[in-house]
Amino acid sequence: MAHPQGSAFWDRALAWRDRTLASAKFRRWAAAFALTRPLARRRARALFDLCAGFVYSQILAACVQVRLFDMLSEGPQTAADLAPRLGLPLDGAERLLAAAVALQLAERRSFGRYGLGVLGAAMVDNAAVTEMVKHHAMLYADLRDPVALLRGQQPSGALAAYWPYAAYNNPSGLPGGQIADYTALMAASQPLVSDEILNAYPLGRHRCLLDLGGGDGTFLRRVAERVPNLQLILFDLPPVAARAEARFASAGLGQRARAVGGDFRQGTLPQGADVASLVRVIHDHDDATARAILRAAYRALPPRGTLLLAEPMAATPGAEPAGDAYFGFYLMAMGRGRPRSAAELTAMLNDAGFIEVRQVRTSTPLLTSLIVARRDGAAAGV
Ligand SMILES: C[S@@+](CC[C@H](N)C(=O)[O-])C[C@H]1O[C@@H](n2cnc3c(N)ncnc32)[C@H](O)[C@@H]1O
């Protein structure tokens with residue numbers, strides 16, 4: 001509940017509420033009394049959902065693994081029709097379908113058939129969420145003992161190995177084989193964020209965009225479609241930049257886009273852009289590295305150049321489960337980085353020399369928030 005910070009009155013009111021709800025006697029009374037029953041049920045349901053969240057995720061993972069949504073997208077079918085196609089015995093298919101119906105992933109239709117539910121329909125042709133769901137197997141393995149991670153124990157390593165740059169002293173020396181999986185996942189999930197950013201900040205008045213940590217160039221290819229005359233430069237680790245270069249060539253963007261390989265924590269970044277972007281980059285890094293990247297972005301821009309910083313942020317109203325809960329624990333399991341609030345990022349940007357830092361509203365802050373900042377007017381290299 002929002003309340004004026006430091007208000008002793010609210011502290012006392014909340015303490016009273018906590019004492020009341022903590023009483024098993026009160027909870028029994030509230031569940032039985034007609035006026036409080038709906039509220040008590042909602043609260044019980046919310047708590048149950050928290051307890052059961054892992055099971056729900058595994059049901060979704062099973063649906064993805066057996067390609068249930070692809071099959072239901074062909075039209076309603078019975079469990080008996082679906083079972084052999086899903087590679088499941090009939091009772092397994094029925095159990096999965098019942099669970100999927102309960103979670104709105106599937107729906108019962110006439111003549112004992114099943115169709116897509118509203119959430120299942122949203123999974124069809126949705127490579128972004130499908131790939132995220134698949135790679136969660138590693139996350140859940142790493143989160144087996146969350147308290148050990150909170151106590152500072154090193155994660156067991158599945159995610160750290162998946163994102164090797166996070167813990168690597170010399171990431172620009174990473175071989176191509178170690179960047180392939182995460183680069184493909186980022187490319188698959190990039191459509192979730194690119195239009196969010198471009199709708200919020202259309203880039204039309206700029207001349208050249210430098211995308212730092214730009215992956216295989218999926219974001220810049222979308223920018224190229226939407227902003228016809230913008231020149232594009234991508235910077236990423238050498239094997240990732242090589243992939244981007246090949247993608248730009250096959251998309252016919254050779255004249256407009258180029259990719260440069262290197263380490264943004266050291267050395268010089270490509271010069272010449274009037275706007276730079278950091279999309280889903282800063283939250284991967286601990287504070288010292290995050291600050292070094294922001295300083296490097298500052299040096300790459302001309303006086304009054306613009307920086308876009310887009311990622312899920314902590315303390316975002318309405319998106320707290322994504323920023324503070326999901327990314328808070330995901331990045332802990334990965335072994336580096338943390339979600340930061342817009343206020344923290346603003347302070348870090350100011351420290352790096354950026355001014356006029358403002359948050360620009362995106363339509364789905366659960367996916368990404370956006371900060372736009374301007375480099376101060378000091379001469380380049382200062
Ligand atoms: C989470 S991915 C985001 C990719 C892309 N911006 C997107 O949103 O799809 C982070 C990117 O930063 C790159 N990266 C990590 N450490 C780097 C470093 N030291 N120098 C340059 N790029 C780095 C990674 O290779 C990866 O492509």
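**View 1. Leu278 lies opposite Leu309 of strand E8.** Strands, like helices, are DSSP runs numbered from the N terminus (E, at least two residues, for strands; H or I, at least four, for helices). The model is a predicted one, in which local features need pLDDT of at least 70 and side-chain atom pairs count only at pLDDT 80 or more, while totals for chains, interfaces and linings use all residues. Residue numbers start from 1 along each chain as its sequence is written. Strand E7 (residues 275–279) pairs with strand E8 (residues 306–311) in the parallel sense, over 5 bridges; pairing requires that DSSP finds at least two bridges between two strands. Helix H12 (residues 191–200) packs on the sheet and touches E7, E8, E9 and strand E10 (369–375). The direction of H12 makes about 140° with that of E8. Helix H13 (residues 218–226) also packs on the sheet, where it touches strand E4 (208–212), strand E5 (231–236), E6 and E7. The direction of H13 makes about 175° with that of E5. Axes are lines fitted to C-alpha atoms, for helices over the stretch in contact, and angles between N-to-C directions run from 0 to 180 degrees.

**View 2. The open sheet has 7 strands in the order E6-E5-E4-E7-E8-E10-E9.** Its pairing is mixed. Strand E6 (257–261) and strand E9 (354–360) are at the edges with a single partner strand each, so one side of each has no neighbour in the sheet. From one strand to the next, the twist averages 20°.

**View 3. Val275 is placed in strand E7.** Val275 is buried, with 21 other C-beta atoms within 10 Å. A residue counts as buried at 20 or more other C-beta atoms within 10 Å of its own, as exposed at 12 or fewer, and as partly exposed in between, with C-beta atoms placed from the backbone. Leaving aside neighbours within four places in sequence, Val275 is in contact with Leu203, His206, Leu209, Gly305, Thr306 and Leu308; contact means that the C-beta atoms of two residues, placed from the backbone, lie within 7 Å. Arg205 is 70 residues from Val275 along the chain, and their C-alpha atoms are separated by 10.0 Å.

**View 4. The largest nonpolar core has 65 residues.** Such a core is a set of buried Ala, Val, Leu, Ile, Met, Phe, Trp, Tyr and Cys residues joined through C-beta atoms within 7 Å. Leu210, Leu212, Leu232, Leu234, Ala276, Ile293 and Ala297 touch the most other members. Helix H15 (residues 287–300) gives the most to this core, with 7 residues. With neighbours within four places in sequence left aside, Ala276 is in contact with Leu210, Leu212, Ala297, Ala300, Leu301 and Leu307. Another core, of 18 residues, lies apart from it and includes Ala79, Ala93, Leu96 and Ala106.

**View 5. Helices H5 (residues 79–86) and H6 (residues 90–102) cross at roughly 105°.** Their axes come within 8 Å. H5 is therefore roughly perpendicular to H6, a term for angles of 65 to 115 degrees, with under 35 roughly parallel, over 145 roughly antiparallel and the rest oblique. H5 contributes Ala79, Ala80, Leu82, Ala83 and Leu86 to the contact, and H6 contributes Leu90, Ala93, Glu94 and Leu97.
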